[in-house]
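Here are my notes on this one, jotted down while going through the model.

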Amino acid sequence: MAILTEEQNQQQPKQHSTKTKTKSSHKPKTQQPQLSFWFYFTLSISLITLFFFFIFTSSSLSPQKSFLNLPTTLRKHYSNGRTIKVQIHPNQPPIQLFTFQRAPSTQTPSETVLILHGQALSSYSYRNLVQSLSTQGVRVIAIDLPGNGFSDKSVEVSVEGLDGIFGRFSYVYSEIQEKGFFWAFDQIVQTGQIPYEEVLARMSKRKVSIPVDLGPEEIGKVLGQVIDTLGLAPVHLVLHDSALGFAANWVSENSNLVSSLTLVDTPPLNSGAFPIWVLEVPLIREVVLGFPLVFEKVVNFCCSKRIGGLDADAHRVLLKTGDGRKAVVATGKNLNSSFDLAEWGGSDGLKDMPMQLIWSSDWSEEWIREGNQVAGALPQAKFVTHSGGRWAQEDVAVEIAGKISQFVLSLPKTVRKVEQESSIPDHIQEMFDEAKTDDVHDHHHHHSHGHDRLGEDDIHEVGYMDAYGLGHGPRDL
């Protein structure tokens with residue numbers, strides 16, 4: 001028995017040591033997952049922080065820095081354009097509106113075409129179409145509606161006070177956007193105290209910038225003022241994409257100012273080709289506008305299969321700069337989804353108007369069916385097809401230009417309103433001449449910035465840069 005007891009006592013330490021070794025062998029395996037978790041957690045937090053810091057700081061770039069960062073194609077397009085002023089609301093300052101035009105290559109009198117873009121687009125998208133039309137004896141103008149392209153994307157309004165903690169947080173956020181992320185730290189270093197009273201004083205009564213928010217009525221006002229300012233009436237109007245939904249009421253009410261109407265891939269429900277919702281949903285909008293490849297894929301899938309990376313990126317930059325995204329989203333929500341195309345086409349103002357419908361035959365079967373629906377609702381319209389996508393001006397600009405010029409030049413020659421007016425009495429003409437002389441004299445003494453009226457030969461060397469915030473009148477894009 002004693003021998004058995006000793007053997008048991010000798011075996012127990014061996015078992016204990018085995019268990020000890022087993023436990024010690026499992027310790028590294030239990031610590032390894034914990035280390036991996038904290039490593040990936042820290043890495044994820046760092047990446048998320050850098051991502052939002054990039055988004056935050058990129059939105060607070062100054063106009064000058066933003067302009068220098070623009071792609072070369074956009075800067076060239078901007079330098080070849082002009083700006084005019086339009087008044088949308090009487091209690092708000094005028095808005096700078098960008099126009100891009102080309103005179104015909106021939107010296108013979110030509111017809112004038114005005115192009116109105118759809119949602120998420122601008123005059124930049126029609127630059128090749130404008131160039132091609134100008135070589136076919138047509139004067140053509142493309143504009144950037146307020147909130148798009150190089151036109152003003154925001155307006156300043158006066159507000160007083162802030163409601164609640166969210167209002168204060170919003171104001172502090174806007175201050176950081178305007179003055180930079182480290183503005184408060186610089187104030188503390190320079191003065192030794194937090195600029196709390198200075199912020200409160202500005203909060204009590206201040207001017208804030210809000211995105212341009214346009215509906216059909218406001219866009220009609222803009223269209224009328226552009227035609228009047230540039231002396232285009234009557235003009236051949238080209239409406240692309242969702243532009244029909246915004247300008248339809250104005251066209252029917254002002255048919256005397258329109259020589260003909262060309263509709264290019266205008267959907268019956270006024271839903272533009274570009275999906276506006278991707279610019280509205282948080283995180284998705286940051287990804288779409290933050291990564292050029294993602295934005296290009298969205299455009300290729302919804303709008304144009306042939307648009308290149310550089311051109312797609314130019315559209316992305318214009319949407320991302322300033323309040324462009326917010327303005328496009330706000331305007332897109334104002335589209336009239338209950339618009340009755342057949343009723344509009346049969347209105348008194350459009351019964352006798354020459355009309356052409358240009359539609360894509362290469363996008364999809366569903367899109368072809370929608371084109372047939374539009375053609376059926378507008379039986380008086382000439383129906384032709386093209387081989388491009390829903391953004392045909394990016395795919396087949398020369399083909400679209402040929403169809404527009406052929407239609408426009410086949411119509412009776414347009415007689416300008418100024419040619420129809422009776423001659424002005426001599427004494428009235430002398431008064432006008434004196435007024436013009438005084439205006440020119442006053443311009444040289446006071447260095448007027450900008451031009452409210454522009455003709456074919458007008459230029460804007462002094463006032464042009466004001467529209468981008470780089471001239472005498474600073475302004476955010």
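How do the residues lining the largest cavity divide into nonpolar, polar and charged? Keep that in mind for point 2.

1. First, a reminder that this is a predicted model. Counting cavities of 30 Å³ or more, I get three. The largest holds about 130 Å³ of space. Its lining takes in 17 residues, and those closest to the centre are Gly118, Gln119, Asn148, Phe246 and Thr331.

2. Back to the opening question: the lining of the largest cavity splits into 10 nonpolar and seven polar residues, with no charged ones. Two elements give two or more residues to this lining, namely helix 9 (243-253) and helix 13 (324-332). Helix 13 gives the most, with four residues.

3. Now the second largest cavity, which has about 70 Å³ of space. Among the residues that line it are Ala120, Asn148, Lys153, His315 and Val328. Asn148 is worth a click, as it turns up in the lining here and also among the residues closest to the centre of the largest cavity.

4. Which helices supply at least two residues each to the lining of the second largest cavity? They are helix 12 (309-320) and helix 13. Helix 12 has the largest share, at three residues. By class, this lining comes out as five nonpolar, six polar and one charged.

5. On to strand 1 (residues 82-86). Four of its five residues are buried, so strand 1 is largely enclosed by the rest of the structure. Strand 1 pairs with strand 2 (residues 95-102) in the antiparallel sense, over five bridges.

6. The largest nonpolar core has 52 residues, and the ones touching the most other members are Leu74, Ile115, Leu129, Phe274, Leu279, Phe295 and Ile404. Helix 17 (residues 397-409) gives the most to this core, with six residues. There is also a second, separate core of 50 residues, which includes Val86, Ile95, Trp250 and Leu357.

7. Last, a closer look at Ile404. What is Ile404 in contact with, leaving aside neighbours within four places in sequence? The list is Leu129, Leu133, Val238, Thr262, Gln356 and Ile358. Leu129 is, like Ile404, one of the residues that touch the most other members of the largest core.

Technical notes: Residues numbered from 1 in each chain as written. Predicted model: local features only at pLDDT ≥ 70, side-chain atom pairs only at ≥ 80, totals over all residues. Heavy atoms only, no water. 1 Å grid on protein atoms, 1.4 Å probe; cavity = no way out; pocket = protein on both sides within 12 Å on 5 of 7 lines; lining within 4 Å. Points joined across faces, edges and corners; volume = space filled by probe spheres on them. Nonpolar A, V, L, I, M, F, W, Y, C, P; charged D, E, K, R; others polar. Buried < 20%, exposed > 50% of the residue type's maximum accessible area, 1.4 Å probe, protein only. Pairing = 2+ DSSP bridges. Core = buried A, V, L, I, M, F, W, Y, C linked by side-chain atoms within 4.5 Å. Contact = heavy atoms within 4.5 Å.
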